[in-house]
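Here are a few friendly notes to read beside the model. Please take them one at a time.

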Amino acid sequence: MQVSKRLFSLETESAFAILAKAKKLELEGKDIINLGIGQPDFPTPQNILEAAKKAITDGHHGYTPSNGILPLREAVSKKIYEDYNTSVSPDNILITPGGKPVIFFAALIFGEPGVEIIYPDPGFPIYRSMIKYTGATPVPLELKEKDNFEVNIELLEKLITNKTRLIILNNPNNPTGSFMNETKISQLVNILEKYPETVILSDEIYSKIIFDNFSMPSLLKFESIRDRLIVLEGWSKTFCMTGWRLGWSVWPNKIIDFANKLCVNDHSCPSSISQYAGLEALIGPQDEVVKIVKEFERRKSFVHNGLNRLKKIKCFKPGGAFYAFPNIIETNMSGNQFADIALNELGVALVPGSSFGDSVDEYVRLSYANSMENIEKAIYRLSKI
Ligand SMILES: Cc1ncc(COP(=O)(O)O)c(C=O)c1O
């Protein structure tokens with residue numbers, strides 16, 4: 001049997017492998033605290049569950065339009081208007097099974113041998129994996145701790161060439177928890193305006209999990225780049241709906257039809273039940289979201305202070321998402337070695353920095369999507385390293 005050569009370029013998300021390892025150790029009777037997983041530890045809010053049950057009893061059992069039901073796309077459009085004071089037609093919105101397919105589709109639409117795609121390093125591992133799969137050259141844009149893990153604009157500009165088709169940005173950032181505010185995003189847009197042939201994929205999946213009273217500077221607010229901007233968003237993180245597989249994205253006129261064709265070819269449509277649940281999430285009460293973000297902010301401060309109290313660990317202050325990205329260089333271990341010892345000897349599951357790029361071997365990612373009690377216990381255990 002021969003498989004396509006392209007398949008050997010695919011990479012994976014090691015957070016899933018770590019989760020499997022942690023589960024195995026738990027089954028063997030070990031006490032494991034899982035700080036490896038990138039999903040909120042809260043249940044989906046009750047009103048959303050009720051809407052899903054109603055969708056089932058109301059008979060929403062069939063296929064829907066491939067781009068999603070119109071009321072949902074209208075609700076997304078309204079939400080964008082309320083949040084960012086900008087109009088997006090429901091025709092430019094695509095509902096997909098989670099946000100991840102947007103990365104897949106953008107890479108398939110723009111990637112091919114001979115072109116370059118810039119992506120954040122450290123960053124969500126699927127970016128590089130998908131770029132490589134298409135045969136395009138992945139160009140890492142290093143995010144450095146000295147820049148608060150924000151995009152270094154001069155560095156970005158040096159990486160843009162006449163072969164650059166797509167630039168992937170992610171704010172707030174996974175894995176570092178860094179957040180770029182409106183001033184920084186405006187500077188970034190000023191540079192992007194100089195390269196009108198380059199498309200931008202802005203991954204804003206953590207847009208609602210932002211601390212210190214900042215608001216989200218979505219790239220959707222910037223009219224000058226809208227004709228070549230794709231925005232990836234969704235329900236997974238904001239509404240604790242990772243398993244419902246529901247995402248939304250905004251696409252420019254020139255490419256929405258290609259993206260929609262990929263939907264038809266790939267999955268026909270997202271789950272009808274999830275779409276009705278997602279509609280309630282957007283139009284129903286938002287107090288659960290506010291509560292959850294407050295709790296993440298409380299944990300963020302606890303984790304940041306707690307890690308910085310440990311002798312050989314330094315942790316940058318996260319501004320969003322639910323991750324901390326401590327620097328462990330003074331332990332004289334690589335992130336891989338540190339994560340191995342944390343899991344196998346101390347019972348704390350973490351993800352090594354190297355899972356997110358080539359520039360962050362001396363870091364680990366810690367997700368604080370776990371109870372305060374467990375986080376406290378985990379930090380105590382890590383103090384033994
Ligand atoms: C930065 C980033 N983008 C996209 C996704 C994919 O989200 P979804 O579960 O909605 O596919 C994730 C999930 O962890 C993520 O961290």
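1. Which residues form a nonpolar patch on the surface? They are Met 1, Val 3, Leu 7, Phe 8 and Leu 10, with about 610 Å² of accessible area together. Patch members have over 30% relative accessible area and no salt bridge, and nonpolar side chains are joined within 5 Å. Met 1 is found in the segment before helix H1 (14–27), and Met 1 counts as exposed at 97% relative accessibility (exposed is over 50%, buried under 20%, partly exposed in between).

2. A word on the source: this is a predicted model, where local features need pLDDT of at least 70 and side-chain atom pairs count only at pLDDT 80 or more, while totals for chains, interfaces and linings use all residues. Residues are numbered from 1 along each chain as its sequence is written, and side-chain values use heavy atoms, leaving out hydrogens and water.

3. The structure holds 25 salt bridges (a side-chain nitrogen of Lys or Arg within 4 Å of a carboxyl oxygen of Asp or Glu). One of them joins Arg 381 and Asp 31 at 2.5 Å, N to O. This pair links distant parts of the chain, 350 residues apart: Arg 381 sits in helix H12 (residues 372–382) and Asp 31 in the loop between H1 and strand E1 (33–34). Arg 381 is buried at 15% relative accessibility, whereas Asp 31 is partly exposed at 47%.

4. Within helix H3 (residues 70–84), Lys 78 and Glu 82 lie 4 residues apart, about one turn of the helix. Their side chains meet in a salt bridge of 3.3 Å, N to O, and both residues are exposed.

5. Finally, a network of salt bridges links Glu 11, Arg 128, Lys 132 and Asp 358.

Methods:
Patch = residues over 30% accessible without salt bridge, like charges linked within 9 Å, V, L, I, M, F, W, Y side chains within 5 Å. Areas by Shrake-Rupley, 256 points an atom, 1.4 Å probe, with all protein chains shown as cover. Helix = DSSP H or I, 4+ residues; strand = E, 2+ residues; numbered from the N terminus. Buried < 20%, exposed > 50% of the residue type's maximum accessible area, 1.4 Å probe, protein only.
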